[in-house]
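User: Hey, I'm new to this one. Can you walk me through it?

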Amino acid sequence: MIVTLLFAAFFLMMLVGVPIGAALGLAGAAAIGLANADSQWFGLLAVPQNFYAGLGKYPLLAIPMFVLVGSIFDRSGVALRLVNFAIAMVGRGPGMLPVVVVAVAMLMGGISGSGPATAAAVGGVMIAAMTRSGYPPAFSAGVVGAAASIDILIPPSIAFIVYSVLVPGVSVPAIFAAGMLPGLLVGLALMVPAVWLSRKYHFGQQEALLPKPPFWASLREASWGLAAPVLILGGMRAGWFTPTEAAVVAVFYGLFVGMVIYRSIRVRDLFHILRESGELSAIILLVVALAGIFAYSLSTLGIVDPLTQAIVNSGLGEYGVLALLILMLTVVGMFLDGISIFLIFVPLLLPIVNFYHWDPVWFGVLLTLMVALGQFTPPIAVNLMVTCRIAGVRMEETVRWVIWLLAALFCVLLLVIIFPSIALWLPTRLGY
Amino acid sequence: MRTLHLSGSGVHFLFVMHLPHEPTHLPIDVPDPAAQDEVTVVPLKIEDWLTVIVMGLLALITFLNVLVRYFTDQSFAWTEEFSVFLMIVLALVAGSASVARNRQIRIEFFADSGSPARQRRLARFGALMVALLFAMLAALSTRMVYDDFQYGETSPGIGIPQWWYSMWLPILSCAIALRALGLFIRRGRRA
């Protein structure tokens with residue numbers, strides 16, 4: 001009864017637009033109070049304790065630092081230079097700009113690690129350029145929205161950091177490494193329908209007439225941006241830095257590039273950069289802390305076990321349950337961002353993972369793929385909302401293009417389910 | 001031709017707070033963030049400056065930690081405790097500004113559709129729930145701080161009284177609750 005009430009109140013509040021954190025915190029506190037009606041203060045002293053404990057974790061410090069990295073690199077003009085270099089590399093021709101979009105989104109994901117941020121950064125540069133080259137805006141919006149969803153897969157991903165804090169035994173470097181190959185695979189998979197559709201409908205005919213940037217000059221310009229993921233990921237691999245330290249090194253590297261090399265960041269921009277990234281981090285961290293209260297209430301009410309039992313005994317079998325999860329998380333991914341989904345669902349799903357002896361690292365990658373799928377599924381997808389706004393199209397117009405890109409991502413999802421080693425090979429190889 | 005001018009105006013494309021579900025904050029041109037900021041009675045500059053200082057400190061301390069470790073083979077463990085404390089302060093202080101600006105992560109699909117009256121009602125309801133939560137947190141955490149104080153708890157890392165850290169939770173929770181109330185009032189006025 002309490003449980004039904006808890007979930008009903010929680011979902012209702014979320015749907016009417018109460019901030020996710022507040023819905024989690026209030027529902028959690030109500031459940032704790034109802035379950036401990038006889039104790040002193042209704043056991044509610046656990047609320048601030050869990051809030052404080054949920055936040056006071058050193059690994060979480062990586063979140064504000066990576067948000068800061070993203071903010072600095074978004075401002076530094078790296079994206080534009082990466083676009084130039086990518087064009088110099090793949091050349092000009094019908095269907096080449098979509099390839100560039102996907103490649104640049106992947107590289108930006110290797111720097112900043114937040115999804116809709118990349119949608120805005122890449123979309124701001126590319127959608128206008130694609131329109132001038134003869135791609136319909138709806139198509140461009142779809143491609144950019146899909147490409148940006150790779151971001152939560154390619155390290156450093158903030159959603160992965162949250163996952164590793166939630167799941168015991170999953171280290172940040174391990175899950176980062178696990179996301180690498182599936183992320184690249186998704187990138188390649190998205191390029192296929194993007195190029196095929198462009199060729200089929202003769203998009204981008206004017207593209208071949210545009211000048212091609214000189215290869216070496218654009219490589220030199222882009223090399224500062226290209227070095228960033230190497231620094232972040234290589235530094236962690238070599239054992240020089242922890243993830244938090246890698247982020248902070250990238251912060252100062254990005255500031256050096258932006259202020260000294262490209263001269264696109266001025267000293268007084270620092271205030272805005274620090275304020276914006278601080279506020280964005282706080283928004284994420286508050287949800288993390290308040291989800292701690294919710295998770296505690298789930299464990300005191302003891303509903304996770306019966307729920308797990310009901311699911312594993314439902315006769316669906318291992319793959320039936322997996323299919324159900326894909327369906328559910330894709331739908332949830334349409335409404336919510338990856339971090340909130342992890343915070344709400346990982347505590348509920350972990351016992352199922354343990355029951356079937358699924359590898360938690362593999363499951364983390366799978367979960368992220370499902371969320372990525374939701375992030376550009378019309379009609380309410382997060383990333384598409386951003387790119388449609390930039391392109392000035394309605395989301396319904398993108399459906400006929402996006403459907404192919406969704407199919408491509410879904411294929412990768414199936415591959416990772418059938419061959420878990422796509423995700424697990426690299427972390428095993430690197431010895432995490 | 002050395003660079004292609006893809007976006008026309010150069011490199012300062014689009015960067016605003018782009019959290020999911022915040023399409024209203026995604027203009028095509030880079031706006032002056034101050035221009036469309038929420039107008040509050042208590043200036044948001046307070047939180048903004050604190051955010052900038054704490055964020056800068058966090059980056060500097062962590063960076064110095066890396067340098068010191070590499071050049072002297074020592075690590076100062078006490079920074080870890082202090083950094084975690086700063087992060088909690090950041091979450092609450094910058095969180096307070098984000099509440100006043102109504103930038104929390106939320107599902108906008110239903111809340112931002114329908115008649116303006118309905119949108120306003122739902123926005124006020126959301127603000128009220130945030131105020132309720134943080135007022136409760138402030139009250140309950142006062143008791144937690146009192147316990148820390150009464151039993152003389154000390155922090156595990158540096159060994160200073162725990163209440164020096166925990167006292168900020170009720171104080172800043174109060175601030176957030178008041179910011180949420182302010183938002184509730186402002187959204188009511190805009191009729």
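User: Where's A:I152 placed?
Analyst: A:I152 is in the loop between helix 8 (137–148) and helix 9 (158–166) of chain A. Helices here are DSSP runs (H or I, at least four residues), numbered from the N terminus. This is a predicted model, where local features need pLDDT of at least 70 and side-chain atom pairs count only at pLDDT 80 or more, while totals for chains, interfaces and linings use all residues. Residues are numbered from 1 along each chain as its sequence is written, chains are lettered from A in the order in which they are written, and side-chain values use heavy atoms, with hydrogens and water left out.

User: Is A:I152 buried or exposed?
Analyst: A:I152 counts as buried because its relative accessibility is 10%. Buried is under 20% relative accessible area (1.4 Å probe, protein chains only).

User: Which residues does A:I152 touch?
Analyst: Leaving out residues up to four places away in sequence, A:I152 touches A:S157, A:F160, A:T368, A:V371 and A:A372. Contact means heavy atoms within 4.5 Å.

User: Switching topic: how many residues of chain A are in contact with chain B?
Analyst: 90 residues of chain A are in contact with 75 residues of chain B.

User: What about salt bridges between chain A and chain B?
Analyst: There are 2, counting a side-chain nitrogen of Lys or Arg within 4 Å of a carboxyl oxygen of Asp or Glu. One salt bridge joins the side chains of A:E279 and B:R103 (3.1 Å, N to O).

User: And which helix gives the largest share of the side of chain A that touches chain B?
Analyst: That's helix 13 (residues 269–301) of chain A, with 16 residues.

How values were computed. Helix = DSSP H or I, 4+ residues; strand = E, 2+ residues; numbered from the N terminus. Buried < 20%, exposed > 50% of the residue type's maximum accessible area, 1.4 Å probe, protein only.
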